[in-house]
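Q: Please take a close look at one part of this model and walk me through its surroundings. I would like the geometry with its cut-offs, in one connected account.

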Amino acid sequence: TGGAATEKVRIDNAGNVGIGITNPGSRLTVKGTGTASTTSSLNIQNSAGTSLLFAQDGGNIGIDTTAPNDKFSIGNGGNAAPAGSSATGHNYTSTYLSTDNYALANYGIIKTLIASATSTMPGGNYLPLAGGTMLGDVDFGAKNITNLNNLTVSKITATTIDPLYTINNINYSTFAPSISGGVKEEIVGKANIKRKDSVTNGYEYIINFSLEHEGTDLWLWHKVVDYSNDNVQVFVTPSGKFANVYYEITGNKLIFHSDKAVEVSYRLIGKRYDWQNWPTKAHDQVQKGVIVNR
């Protein structure tokens with residue numbers, strides 16, 4: 001339409017259409033005019049003259065806004081798009097999203113989370129909500145973890161273990177004791193010593209761990225300790241009357257001897273099968289625990 005200097009629309013031999021440009025190179029090429037921050041390369045309106053799609057000369061694209069302030073901005077009823085960051089893909093503020101239940105999540109945030117979850121960048125390695133494997137350490141910043149159903153770990157370093165009991169809406173503390181010298185397993189029980197021992201002319205009660213049924217408490221305790229005379233301690237208390245009671249460990253047997261028939265309560269403490277892996281001097285000498293200066 002007219003000479004090259006005043007030409008507004010051109011259709012080349014390939015069928016490409018150019019507006020404001022003489023060599024479109026694609027099916028539709030629109031060249032902007034004026035300053036990039038205020039003018040549009042493309043402005044598609046509805047019958048009422050409201051802009052539905054607006055492309056700034058500088059490259060920002062707006063839907064339902066003529067003031068896109070990002071690479072891709074979605075307006076709100078024709079108002080200016082909310083503030084966003086460069087190249088986020090979708091402007092985001094909590095106010096804006098709270099009034100639009102169907103608004104897309106911030107593309108930049110999603111992109112960052114995906115990248116972080118698969119990298120070792122600071123703040124990365126997010127654990128998926130559906131579960132997964134942590135790739136690094138977690139620092140909770142002295143915050144609490146509550147309502148944890150089950151925790152399986154190799155080792156817990158804790159200043160205090162405090163199982164709380166709520167009785168009549170009052171919490172009572174029962175602090176768990178710590179034992180120096182590695183990990184141990186305990187079990188308590190009662191034994192009725194009344195079998196006559198013809199050799200000592202006294203009475204005896206034999207716990208034969210080899211004969212304990214699989215799954216019983218005594219069977220389990222024996223299985224998880226390093227059972228020997230050096231690794232097991234036994235505390236015995238007669239019930240109802242005085243009696244001279246002592247014990248001996250022979251093979252897989254624990255034998256109580258008494259000078260009279262009597263019922264006793266006992267407490268067995270045994271070093272756990274892997275007690276040598278947890279010495280009193282901890283393997284970890286980097287992380288500091290409770291500082292004791294005395």
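A: Let's start with N252, which touches I207, N208, F209, S210, H222 and Y227 when residues up to four places away in sequence are not counted; contact here means heavy atoms within 4.5 Å. Please keep in mind that this is a predicted model, in which local features need pLDDT of at least 70 and side-chain atom pairs count only at pLDDT 80 or more, while totals for chains, interfaces and linings use all residues. Residues are numbered from 1 along each chain as its sequence is written, and side-chain values use heavy atoms, with hydrogens and water left out.

N252 sits in the loop between strand 14 (245-250) and strand 15; helices (H or I, at least four residues) and strands (E, at least two) are DSSP runs, numbered from the N terminus. N252 is partly exposed, because its relative accessible area is 35%; the cut-offs are under 20% for buried and over 50% for exposed, with partly exposed in between (1.4 Å probe, protein chains only). Along the chain N252 and Y227 are 25 residues apart, yet 7.7 Å separates their C-alpha atoms.

F209 has its own contacts with L218, W221, H222, Y227, N252, L254 and L268, leaving aside neighbours within four places in sequence. Two of these, W221 and Y227, are joined with F209 into a cluster by ring pairs.

How are such pairs described? A pair of aromatic rings is given by the distance of the centres and the angle of the planes. Rings of Phe, Tyr and Trp (its six-membered ring) pair if their centres lie within 6.5 Å; planes under 30 degrees apart count as stacked, over 60 as edge-to-face and the rest as tilted. The structure holds four aromatic pairs. In one of them, F209 and W221 have ring centres 5.7 Å apart and planes at 40°, so this pair is tilted. The pair links distant parts of the chain, 12 residues apart: F209 lies in the loop between strand 12 (202-208) and helix 3 (217-224), and W221 lies in helix 3. F209 is buried, since its relative accessible area is 3%, and W221 counts as buried because its value is 4%. W221 also pairs edge-to-face with Y227, at 6.0 Å centre to centre and 85° between the planes. Y227 is buried too, as its relative accessibility is 14%.

Strand 16 deserves a look of its own. Seven of its 10 residues are buried, leaving this strand mostly covered. Strand 16 pairs with strand 10 in the antiparallel sense over 10 bridges; two strands pair if DSSP finds at least two bridges between them. K184 has K271 of strand 16 as its bridge partner. Strand 13 also pairs with strand 16 in the antiparallel sense, over eight bridges, and here V236 is bridged to Y266 of strand 16.

Of its 294 residues, 22% count as buried. Among contacts with a separation of 6 or more, 34% are between residues 24 or more positions apart.
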